[in-house]
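Student: I would like to go through this model with you. May I begin with a single residue and then move on to the overall fold?

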Amino acid sequence: SKDHNPRIQPVNIEFLKNVKYETVKRVITERFADAGDFTFVFVGSIDEATFKPLVETYIASLPNKESNEKFIDNGVRAPKKQVDKEIAKKLEIPKNTIGITYSKKIDYDNYAARMNMEAFSHILTLRYTEEIREKEGGSYGVYVKTSVKKYPWENCSLLIQFDCAPEKSDKLKSIAYREIAKIIEEGPSETDLDKAKKYFLKSREEQLKENSFWLNKIEMTYSHGKKTVKLEDYNEIINNLSIKSVKKAAKKYIDMDRHVEVVMTPAE
């Protein structure tokens, strides 16, 4: 595990200065020289008679070298120790931008565990809306996102990000950590859990009508070898979410002593 892996360095002016047109062109040409192991997915209201000749013309004619490539694990991992970093930057409007991340290994195929973490993330958003935005008037909103990946390594990460006045930074950070710890120790409130469950069930019903949902699910079936969770199974998993299950997942996948905290603050 190496920190500061060059493959995830920020795309800034310094980075772009080192980008060479010839290299970009060569890499793109190489990557698309073989479509043999590509899988094309189309969703929507498609007329097969009109669509078939287009596929035969534009897809069937692509080169097939049968290279059958596999993904590579480049060893990019979250730091094993806690990281707290402050970056001073000249800003037109003085504000702090705070980013906090947690990362932990997870069994990707445990769908219930993933949904418990999604519930944790949603409930945390509700907590921050009440405690940071409404009570403190400290930020327009707190962005909370749980991300679960299977490749190139199974990983569950939590990102918390918000802007605030520099003088409120320390207090709001302490509230952010306090609310995470509270769910780990006590679990969510019945009210917040109920809101999360209702949100998930309603969203799923709406998503089933969207092309983007089916595109994603078909892609996942090919890339991860996983079938789409049936609506009745999904509903059962959501209805089975409990204070105990969310608390257990939060405790398992959030390590309070191993976060990365980055604060961008106005330069003097």
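Student: In which helix does L201 lie?

Tutor: L201 lies in helix α6. Please keep in mind throughout that this is a predicted model.

Student: Is L201 buried, partly exposed or exposed?

Tutor: L201 counts as partly exposed, because its relative accessible area is 21% and the buried class requires a value under 20%.

Student: What is L201 in contact with, apart from its sequence neighbours within four places?

Tutor: With those neighbours left aside, L201 is in contact with N235, I238 and N239.

Student: And how far is L201 from V19 in space?

Tutor: The C-alpha atoms of L201 and V19 are 45 Å apart, and the two residues are separated by 182 positions in sequence.

Student: Let us turn to the whole chain. How many helices and strands are there?

Tutor: There are nine helices and five strands. Their order along the sequence is α-α-α-β-β-α-β-β-α-α-α-α-α-β.

Student: What are the dimensions of the C-alpha trace?

Tutor: The trace spans about 60 × 50 × 35 Å along its principal axes. The chain has 268 residues, of which 29% are buried. Its accessible surface is about 18100 Å², and carbon and sulfur atoms contribute 52% of that area.

Student: What share of the contacts links residues 24 or more positions apart?

Tutor: Among contacts with a separation of 6 or more, such pairs account for 83%.

Student: Take F120, then. What does it touch beyond its sequence neighbours within four places?

Tutor: F120 is in contact with L158, I180, I183, V246, A250 and I254.

Student: How does the span of α5 relate to the expected one?

Tutor: Helix α5 covers residues 169-186 and reaches 26 Å from its first C-alpha to its last, close to the 26 Å expected for its 18 residues. Just after α5, G187 takes a positive phi of about 85°.

Student: Which residue other than glycine has a positive phi near 55°?

Tutor: That residue is E66. E66 sits in the loop between α3 and β1, and it counts as exposed because its relative accessibility is 65%.

Student: Is D34 buried or exposed?

Tutor: D34 is buried, because its relative accessible area is 8%. D34 is located in the loop between α2 and α3. Leaving aside neighbours within four places, D34 is in contact with P63, N64, K65, E66 and S67.

Student: One last topic. Where is the cis peptide bond that involves P152?

Tutor: The cis bond joins Y151 and P152, with omega at about -5°. P152 is in the loop between β3 and β4, and E154 is likewise found in the loop between β3 and β4.

Student: How accessible is E154?

Tutor: E154 counts as partly exposed, because its relative accessibility is 21%. Beyond neighbours within four places, its contacts are K105, I106, D107, Y108, D109 and K149.

Definitions and conventions:
Residues numbered from 1 in each chain as written. Predicted model: local features only at pLDDT ≥ 70, side-chain atom pairs only at ≥ 80, totals over all residues. Heavy atoms only, no water. Helix = DSSP H or I, 4+ residues; strand = E, 2+ residues; numbered from the N terminus. Buried < 20%, exposed > 50% of the residue type's maximum accessible area, 1.4 Å probe, protein only. Contact = heavy atoms within 4.5 Å. Areas by Shrake-Rupley, 256 points an atom, 1.4 Å probe, with all protein chains shown as cover. Expected span 1.5 Å × (residues − 1).
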